[in-house]
Amino acid sequence: MIKNTDLYINTASAQLKEKLMELKKKGTKIILITASHVDYTELLMKVGYGESWRDYFDLVCCRAKKPGFFSHPAHSRPFFCWDKESSSYGVEAIELCEGQTFLEGHWTAVDRWIKVNGDKPGRVAYVGDSF
């Protein structure tokens with residue numbers, strides 16, 4: 001797949017990219033939550049959205065291990081900061097912040113982050129492959 005990404009990965013349309021940026025400019029928080037590992041997510045997103053793919057997202061959460069991300073007790077599901085230099089789990093995240101990649105975690109931490117950082121807390125749409 002890495003050698004033939006064009007065969008397996010669709011690129012995001014210009015309209016989708018424009019819509020995401022329009023939503024961000026209006027204060028909507030765009031969050032990528034995936035069960036995929038960081039390396040695989042990086043590959044998919046770079047091919048799909050380009051080198052600056054992170055510009056479209058306020059938070060990036062990988063290895064979410066859905067559906068546990070939504071269903072397990074919050075205290076049993078901390079977020080960890082991804083250590084890019086060592087390509088490994090870093091320390092447990094005390095709070096979520098833009099510009100970092102987080103691993104695992106629980107939806108309640110994302111909900112808290114949205115309530116603190118969102119212009120319109122409580123208005124969230126989830127689009128994904130499991131819920």
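Modeller: Strands here are DSSP runs of E with at least two residues and helices are runs of H or I with at least four, numbered from the N terminus; two strands pair if DSSP finds at least two bridges between them. This is a predicted model, where local features need pLDDT of at least 70 and side-chain atom pairs count only at pLDDT 80 or more, while totals for chains, interfaces and linings use all residues. Residues are numbered from 1 along each chain as its sequence is written, and side-chain values use heavy atoms, leaving out hydrogens and water.

Colleague: OK, in what order do the five strands of the open sheet sit?

Modeller: Read across and you get S1-S2-S5-S3-S4, with mixed pairing. Strand S1 (31-33) and strand S4 (88-92) are the edges, each pairing on one side only.

Colleague: Which way do S1 and S2 run, parallel or antiparallel?

Modeller: Parallel, joined by three bridges, with Ile33 opposite Cys61 in S2. S2 and S5 are parallel too, again over three bridges, and there Val60 faces Thr101 in S5.

Colleague: And how do S3 and S4 run, parallel or antiparallel?

Modeller: Antiparallel, with three bridges; Phe80 has Glu92 in S4 as its bridge partner. Their hairpin has four residues between the strands, and Ser87 takes a positive phi near 50°. S3 (residues 79-83) also pairs antiparallel with S5 (residues 101-104), over three bridges, and Phe79 is partnered by Glu104 in S5.

Colleague: Which residues of S2 are buried?

Modeller: Buried means under 20% relative accessible area (1.4 Å probe, protein chains only), with exposed over 50% and partly exposed in between. In S2, Leu59 and Cys61 are buried on one side, Val60 and Cys62 on the other, leaving both faces covered.
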